[in-house]
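My notes follow in the order I checked them.

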Amino acid sequence: MGKILEVKKLKVSYHTYAGEVQSVRGISFDLNENETLAVVGESGCGKSVTAKSIMRLIQTPPGEIKQGSEILFNGKDILKMQDEELRKLRGGQISMIFQDPMTSLNPTMKIGKQIAESIMIHRGLNAKDAFAEAVKMLETVNIPNSDKRANQYPHQFSGGMRQRAMIAIALACDPKILIADEPTTALDVTIQAQIMDLMKDLQDKLGTAIILITHDLGIVASVAHRIQVMYSGLIIERGKTEEIFKNPQHPYTWGLLLSVPRLDAVNKDVLYSLNGTPPDLLKPPVGCPFAARCEYAMAICNESMPEETKLSETHSVSCWLQHPMAPKVKSPLNVGGAE
Ligand code: SF4
């Protein structure tokens, strides 16, 4: 699998009356062809800002992608692309779907026509052929009676069907990368599972690489190849999905995993929740950003940022607990975390 996207030292700030909010603080990561990468964290951790940066959708001002940041798509820096090149990239090479399809779909236009428009712009088909393709795309995303449904408006679709229609629009031009920003948050649990299954099937069929952005680690287990956990504008742990689920090493990742409802939980009435709030990114702390909420914090944690420690070729974590002099801490998950 070759690298299709390389994000290097990405820094994004927002200029507000209160000062500069450092939303993304120098993150680097890759995406491979045919791979699903999950970016997980609470709201405000920088995951959606990262996604918008890839699409060059950061509104400037107040937003600013800082000098020295690079986002390479097939080796070419998206941050240096001119308008025409960007227009071709968005929708044609990289597509994005959002949490609430109603804000992205045009309520006054039939669904089939909305899909067909995207096909006409990016694939140059005439209106009739593009509409026929749109009907096929609705079939591909498992919408029954697709020829009839193509002639309906968004309000005639259920929430799950609208999200399927958004996926159809996003995939109609055969993009190389699909960015899905909280694609199932507005849906109930059964429909969430169906949408996740659909994305997995489509990836198998079409080979699209996917960046799945979510606050919910629970939904990524069956679809993501790799996971990166973000906190306070930084990647604090990353690894293959099985490494993050079976051997998580960062206390924040432990907290996220403990927050996922489990069938084998001893006490099913009480769901774990992380106390406290993330730090103010107007003045990010000099040390570990999780220190104020971490029950394992040591003096060093408030004084200095932990470096990224490699645990395997694919798994790494930024936490002082990895230091050889640190006390040995047992993971609260009892699934083989830090001994
Ligand atoms: Fe907790 Fe310190 Fe690790 Fe941060 S570096 S997560 S404060 S133990």
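Predicted model: local features only at pLDDT ≥ 70, side-chain atom pairs only at ≥ 80, totals over all residues.

**Entry 1: pairs within a helix**

I looked up E133 with that cut-off in hand. E133 counts as buried because its relative accessibility is 18%. Its salt-bridge partner is K136, with 3.4 Å between the closest N and O atoms. Both residues sit in helix α5 (residues 127-140). They are 3 residues apart, about one turn of the helix.

**Entry 2: pairs across the chain**

Next I checked R238 and E308. Their side chains form a salt bridge at 2.9 Å, N to O. This pair joins distant parts of the chain, with R238 in strand β11 (residues 234-240) and E308 in strand β12 (residues 308-310), 70 residues apart. Are R238 and E308 buried or partly exposed? R238 has a relative accessible area of 18%, so I log R238 as buried. E308 comes out at 43%, so I log E308 as partly exposed.

Then I turned to E35 and R226. I find a salt bridge between their side chains, 2.7 Å from N to O. This pair also links distant parts of the chain, 191 residues apart. E35 lies in the loop between β2 (19-32) and β3 (36-40), and R226 in strand β10 (residues 226-231). Both E35 and R226 are buried.

**Entry 3: the tally**

How many salt bridges are there by this rule? I count 15. I also noted a network of salt bridges that links E20, E64 and K66.

**Entry 4: enclosed space**

I moved on to cavities. The structure holds 3 of them at 30 Å³ or more.

The largest cavity contains about 90 Å³ of space. I find 14 residues in its lining, with C288, C294, A297, C301 and C319 nearest its centre.

I list its lining as T36, M196, M199, K200, Q203, I210, L212 and V223. These divide into 5 nonpolar, 2 polar and 1 charged. Which elements each supply at least two residues of this lining? They are α8 (189-206) and β9 (209-214). The largest share, 4 residues, comes from α8.

Notes. Residues numbered from 1 in each chain as written. Heavy atoms only, no water. 1 Å grid on protein atoms, 1.4 Å probe; cavity = no way out; pocket = protein on both sides within 12 Å on 5 of 7 lines; lining within 4 Å. Points joined across faces, edges and corners; volume = space filled by probe spheres on them. Nonpolar A, V, L, I, M, F, W, Y, C, P; charged D, E, K, R; others polar. Salt bridge = Lys/Arg side-chain N within 4 Å of Asp/Glu carboxyl O. Buried < 20%, exposed > 50% of the residue type's maximum accessible area, 1.4 Å probe, protein only.
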